[in-house]
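Have a look at it first, then work through each task and its solution.

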Amino acid sequence: MSMLEYRRFSSLEDALRFLSERPDAKIVAGGTDLVVQMRMGKLKPSTVADIRGIMELRGIRESDEGLEIGALTTIEEIRESSLVERLAPPLWEAAQEFATWQIRNMGTIGGNLCNASPAADTAPPLMVLGARVRTARLGGGRTIPIEEFFRGPGETILEKGELLTHVHIPRPGDSEGHAFQRLGRRVAHILSIVSAAAAVGVEDGRIGWVRVALGSVAPTPVRARTVERELTGKTPSRDLIKSASEKVLNDIKPISDVRASAEYRRAMSVVLVRRVLEKALRRAGA
Amino acid sequence: MRIRFTLNGRRVEVDAPPHITLLELLRNYLRTTGVKRGCETGECGACTILMDGKPVNSCLILAPMAEGAEIVTVEGLAEDGRLHPIQEAFIEENALQCGYCTPGFLITAKALLDRVPEPSVELIKDALTGNICRCGAYRMIISAVLRASEKMRTTSASQG
């Protein structure tokens, strides 16, 4: 580690050129995950590329389609943003209970996604919001739905030399409701045991469409498609939500770890899915 | 690697290897040992400093990331040999036992009071969740932040 080469970039072009030549370089955005992994010896990078000076990767903007969030935007900036509160409510809710003030001031949304923890709390909200992520690489880039971004714990679809640059969130429609809820051993600063988000669009008193996603219950954040199928097109009722929530067991594969047992995670997934559905439907005016 | 930034209002320039943390740089290279080393994983808050006015864990920051930043440690709170009102309030409320967590608490409390001069107890608790006191002085710490808020508002009112 004493041979570490540290490079700073303020231009995206320069950073991409460097990453194409040095594909093993580790990127530092907020550093909150990277530094811990380096100290634990899990990561021994020979090169670190500091991209914090690339201004076009910062900030929250309202666009024609909705919201554009730069990868370097901190979780605290998201937490304090009235734009996010209005246009991406479950993401805003997730930022409220995210880690600590100190970590939120450094940690970025891009880092939270690229670190690809199954417990990344920004992922389930982005999944139910139908978000897409934009990437850049020398001579190109791509835009992909957030649920195709994760491959496994710590693994994303990003290729060597490819950088996540922005998150795009479509503008929510009328009679649309959202919710996010997480369960941890305490409220603050603890990895989620289970987290769940829901978005629902109500049309003529029926559930026109619905998206449900969970964190910490599979190798990646996951959509609960069985639950969604069970609800779509139906008239919402307490009994329907209850029976549909139980179907989440088909969509998740939790493990036992230091935070909770697989059995507890399964039981709590059902509870959290029911609660976020009830809340999202209430907010949609159903 | 040469790293330049502002430390407690003074410009500093220091040569250090890039893999060390800002915590190590501050303690071992610049002797600002008021910054405490605790868990080194961002859990305890003992190493909290202000970076460009925001509270951050110096143990989770690589030293070169401080380039160009304004860093404030507990050493930067007192002015002209006079303790900061937050420090006075911590003493008056007995808001510490062993004192190891205190520099971190003082810094986070300063960041809060700079933003919100009159915070509610709820807001104080929310702001301080990243600082752990194993002696369990939390109740007195919250009283001290409330007292500091009062002191600071009185001072700025008499100056205004």
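**Exercise 1. Find how far apart the centres of the two domains of chain B are.**

Step 1: Taken over C-alpha atoms, the centres of domain 1 of chain B and domain 2 of chain B lie 21 Å apart.

Step 2: The bounds are 2-76 for domain 1 and 85-159 for domain 2 of chain B; such bounds come from an automatic or database domain assignment.

A note before going on: this is a predicted model, where local features need pLDDT of at least 70, side-chain atom pairs count only at pLDDT 80 or more, and totals for chains, interfaces and linings use all residues. Residues are numbered from 1 along each chain as its sequence is written, chains are lettered from A and ligands numbered from 1 in the order in which they are written, and side-chain values use heavy atoms, with hydrogens and water left out.

**Exercise 2. Describe the contact between domain 1 and domain 2 of chain B.**

Step 1: Count residues in contact (heavy atoms within 4.5 Å). Domain 1 of chain B gives 16 residues and domain 2 of chain B gives 13 residues.

Step 2: Turn to buried area, the accessible area (1.4 Å probe) that two parts lose on being put together, summed over both. Between these domains of chain B it is about 1100 Å², with 64% from carbon and sulfur atoms.

Step 3: Look for polar contacts (a pair of N or O atoms within 3.5 Å; within protein, one must be able to donate a hydrogen and the other to accept it, and residues adjacent in sequence count only if both atoms are side-chain atoms). The rule finds 5 residue pairs across the interface of domain 1 and domain 2 of chain B (both at pLDDT 80 or more).

**Exercise 3. Describe how chain B meets chain A.**

Step 1: The contact takes 32 residues from chain B and 26 residues from chain A.

Step 2: About 2500 Å² is buried between the chains, and carbon and sulfur atoms give 62% of this area. His19(B), Leu60(B) and Met65(B) supply 25% of the area that chain B buries against chain A, more than any other three residues.

Step 3: Count salt bridges (a side-chain nitrogen of Lys or Arg within 4 Å of a carboxyl oxygen of Asp or Glu). There are 4 between chain B and chain A. Arg79(A) forms a salt bridge with Asp126(B), with the closest N and O atoms 3.3 Å apart.
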